[in-house]
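Dear colleague,

Please find below the structure I am handing over to you. My notes on it follow directly after.

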Amino acid sequence: MQFVEFAEICNTIEGTSSRLATADILAEKFPLLTEEELPVFVRFMRGRLFPDWSSEKLGFGPNLLYDALAYVIGKKRSYVVSAINNAGDIGKVVESLIEKREQTMFFSEELDLLDVNARFLQMAKSSGRRSQQERLRSAQYLLSNATPLEGRYLARLMLEEMRIGVGEGVVKDAVSKAFGVPSDIVEHAHQALNDLGEVAFLAKTDPSRLSNVHITAFRPVKMMLAQQGSITSMVETHGTLAAENKYDGSRFQFHKSGGKCAIYSRRLEEMTASLPDVVKMLDKATDHDVIIDGEVIAIMNGKPMPFQTILRRIRRKHDVGDAQEAITLLPWVFDILAADGETLIDLPFRERRKILESVMNAYVAPQLVSDSAEEIEAYYHSSLDNGNEGIMLKVLDSPYLPGNRGKLWIKIKPEVDTIDLVVTAAEWGEGKRAKMFGSFLLACQDENGDLLEISRVATGIDDSMLSTLYDLFKDKIIAEKGKTVTFEPDVVFEVGYAELQKSTNYEAGYALRFPRFVRLRDDKDVSEIETLESLTRRYSLQNKEE
Ligand SMILES: Nc1ncnc2c1ncn2[C@@H]1O[C@H](COP(=O)(O)OP(=O)(O)OP(=O)(O)O)[C@@H](O)[C@H]1O
């Protein structure tokens, strides 16, 4: 497939607001692609260059893109930067600059989808002193051979920010439709493989394998999540339940296979090098090949420490030795996804738990199995007294559903109205904070993962957090105009508020009244932020209470 055809399809989809129509466009195209093209096409459509389980990154920020573009159009870098600052949408700016380019090329090669992919893979692999130079050269090659429309999507792919309204759900529907595979099989295969490219590939080449997929060591799957709920309604609905402490720590997935171990964060980033002692503890606790789900907590002077302490340590990746002295880390494991090569996610929780207990000789999270709301209530209070966030209630018959936030896991914790939102922009501060970002623009997501602005937050951020935020955001700047700086949408804030209000000032149609910064959620990525659907639910609940 020529890359220009891919770009044209993206352009059509970008102009289509119907989810159904988008799925139809994809479903029509999928069968026409070769086995090699299909997974690449699927990943690219969602702005992914690698499978979702991969921690690999292109390593190509906006700055390199500006350099490459300046070279290709034969202008100064400042010209490119000011064009981007004036327009905001990098893709569209690249498109119009290529359209206007003065430097005529001696030759122009047509770009092919697979060649573009191969170049990206090569860019990601390059390391060492000359790697930036090599990446820059590849980007120059791609952009100088690109038509304006190809330039738009190449730029977005390089920044891994496609945002044309192709969510996971749309791709799954399209795979199902294109190859006649039932949607529950597509869903299950996606949960286990964590790569829609591979799911589409199997649907095309060997659909029977889709219903028999395995979770593989060192390819992390998304973690199962919880909804808020109540003890009484859970007991009424399910009878006997498992209750566990809701640890205030950091979620992890531990993989061990063939004597090798790795640990991944909730964002599925590999953290093996920054958590060496946790890896060693878990490695020693089992002789089996396992994929295990758990939460690591920090202990200082015998007491659990708040979540932020762990994050500080995880962030200080280069300083592991020092950080290790002050805090001890303790992993608690509460689920098992695979053991000795066998995928276990479809077994009921009570059976997975038995296997977990049989393969681990330490760190298994204690459980209360009970059908009494009073007994669970008492467990909840003692869990809070012991420094936990509350409890988790788990349905004993439940399979493990990667990435699912359903009613099979319920969290019980003291009521707090906070939501997780991604930061899309900021304003420079004033006075002595002029060199810091002052107020931050926040966005939620719609069902396709498109971002919708909802409010600004400036309250609740102390000086030390302001400087942490400055360090975090300075490499994520995409454009700057007047006092406003636009960022790659990557950093998630947990934000408190007094009330949700309808608003025409923000794209979401809502605004937060008295928003305040609560904490950074480094463990979450943009796909996990608050959805419009959930905001709508919050809004109607809030108004019911009044
Ligand atoms: N025993 C446990 N079982 C499952 N998850 C646990 C447990 N103890 C702590 N957790 C943590 O609780 C989280 C589940 O809550 P949820 O899915 O709502 O995530 P969240 O959005 O981070 O919630 P919160 O903000 O309440 O921590 C898990 O991601 C995990 O990090």
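UniProt positions are given here in the numbering used for this chain, and annotations may be inferred rather than shown by experiment. Please also note that the model is predicted.

The UniProt record lists K246 under "active site". K246 lies in strand β2, which covers residues 241–246. Buried means under 20% relative accessible area, and K246 counts as buried because its relative accessibility is 16%. Leaving aside residues up to four places away in sequence, K246 touches S383, N388, E389, G390, I391, M392, K411 and K413.

Salt bridges. Side chains of opposite charge can pair when their charged atoms come close. The structure holds 34 salt bridges. One of them joins D173 to R19, with the closest N and O atoms 3.0 Å apart. This pair links distant parts of the chain, since D173 belongs to helix α10 (residues 168–179) and R19 to helix α2 (residues 19–29), 154 residues apart. D173 counts as partly exposed at 33% relative accessibility, and R19 counts as partly exposed at 30%.

R251 and D293 form another salt bridge, the closest N and O atoms being 2.6 Å apart. Here strand β3 (residues 250–257) holds R251 and strand β5 (residues 290–300) holds D293, 42 residues apart. Both R251 and D293 are buried.

R538 and E530 also meet in a salt bridge, at 2.8 Å from N to O. R538 counts as partly exposed at 24% relative accessibility, whereas E530 counts as buried at 9%. Elsewhere, salt bridges with shared partners join E14, D89, E95, R152 and R156 into one network.

With kind regards

Note on methods:
Residues numbered from 1 in each chain as written. Predicted model: local features only at pLDDT ≥ 70, side-chain atom pairs only at ≥ 80, totals over all residues. Heavy atoms only, no water. Helix = DSSP H or I, 4+ residues; strand = E, 2+ residues; numbered from the N terminus. Buried < 20%, exposed > 50% of the residue type's maximum accessible area, 1.4 Å probe, protein only. Contact = heavy atoms within 4.5 Å. Salt bridge = Lys/Arg side-chain N within 4 Å of Asp/Glu carboxyl O.
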